[in-house]
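Look at the structure below and consider how charged side chains can be paired. Side chains of opposite charge can pair when their charged atoms come close.

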Amino acid sequence: MASVDGGGDYGPAVVTRLEDAVKLGEGPTWSQRTNRLYWLDIEGHQLHTFDPSKNSDASVKLPGLVSCLAECESDTGKFICGTDCGLAWLKVTPDGGLATLEMVMNPEPFAPTNRFNDGKCDCRGRFYAGTMSNVRPRVTGAASLYCITPRPPGLFAKRVDSVGAVTVSNGLAWSADSSKMYYIDTPTRKIQTFSFDVESGEVGSKLGEFVLPADIPGSPDGMTIDAEGKLWVALFRGGRIIRLDPDKNAIVSTHMMPTPHITSCCFGGDDLRTLYITSAIGSGVDAQASQGTPAGTLMALHTSVQGTPMHTFHD
């Protein structure tokens, strides 16, 4: 293990990292049922399971690309997940071993160069997940955000029209009373706020946005929210996580990371005061810039602010 001073709003914070690097770490998901963190290596086609009680990380090879996941209410070890071919069920044993990956449906059969990217459940157990243009250069406006609900024996995906056409659908979070949804389309460099109807799951009108200042490097990627209503936003190629007050449109604190390619984060641990952070190695010039740093590792930032639990999918 190694550590660096992460700085931040609550005094010196220690960023702890694992030694094992992955290609594109993403989708950190804390399970309060197993007290483990599930996270993905999208490009390496691996599911990782980190057990903080043993300080150990295990991985298993997946039969394809999986980019995001959420626990299912019905069964410990069952997840709904987004892939490069649509939506699927993923089942794992408690120790992180793969059981099955079963494709269910694809809401974008007309867009073979898209894949799912980030996804998260709201407090009523609906899975909101978005796609991204997976070609270079990105096709602007080629992707969408979807609200996914059960439709036995499969799933139903409804496009969220109010966020418009997107390019790289990314971070999601909700306010404590679920009256607001926060959303990131990475190339816009914006964290947008929408009204949200918790009863129907409808995303309403846009209420505001925070535009990342030009003097801050990187682009907003994944994010989470703490118990004080502040957003923690990973900045890809920015080497930091910002803590944002969405009501005041102001950055409360900046937590510098020891690698530039920060992808996502979520709170976990017994008291939800550990921020787990994923990262990527990058490629080409980006990979060269990461030499000598723990690029592609899972990191943990211990904070004095409490996070919020992740919701399960009501299958």
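Start with Glu 228 and Arg 243, whose side chains meet in a salt bridge with an N to O distance of 2.8 Å. Glu 228 sits in the loop between strand E19 (219-225) and strand E20 (231-236), while Arg 243 belongs to strand E21 (residues 240-245), so this pair ties together parts that are 15 residues apart in sequence. Glu 228 is partly exposed, with a relative accessible area of 47%. Arg 243 has a relative accessibility of 2% and counts as buried, because buried means under 20% relative accessible area.

The model shown here is predicted, and the structure holds 13 salt bridges. One of them is formed by the side chains of Glu 71 and Arg 33, at 3.5 Å from N to O. Glu 71 is part of strand E7 (residues 66-71), and Arg 33 is in the loop between strand E3 (25-31) and strand E4 (36-41); the pair therefore ties together parts that lie 38 residues apart in sequence.

Asp 122 counts as buried at 1% relative accessibility, and Arg 126 counts as buried at 10%.

Methods:
Residues numbered from 1 in each chain as written. Predicted model: local features only at pLDDT ≥ 70, side-chain atom pairs only at ≥ 80, totals over all residues. Heavy atoms only, no water. Salt bridge = Lys/Arg side-chain N within 4 Å of Asp/Glu carboxyl O. Helix = DSSP H or I, 4+ residues; strand = E, 2+ residues; numbered from the N terminus. Buried < 20%, exposed > 50% of the residue type's maximum accessible area, 1.4 Å probe, protein only.
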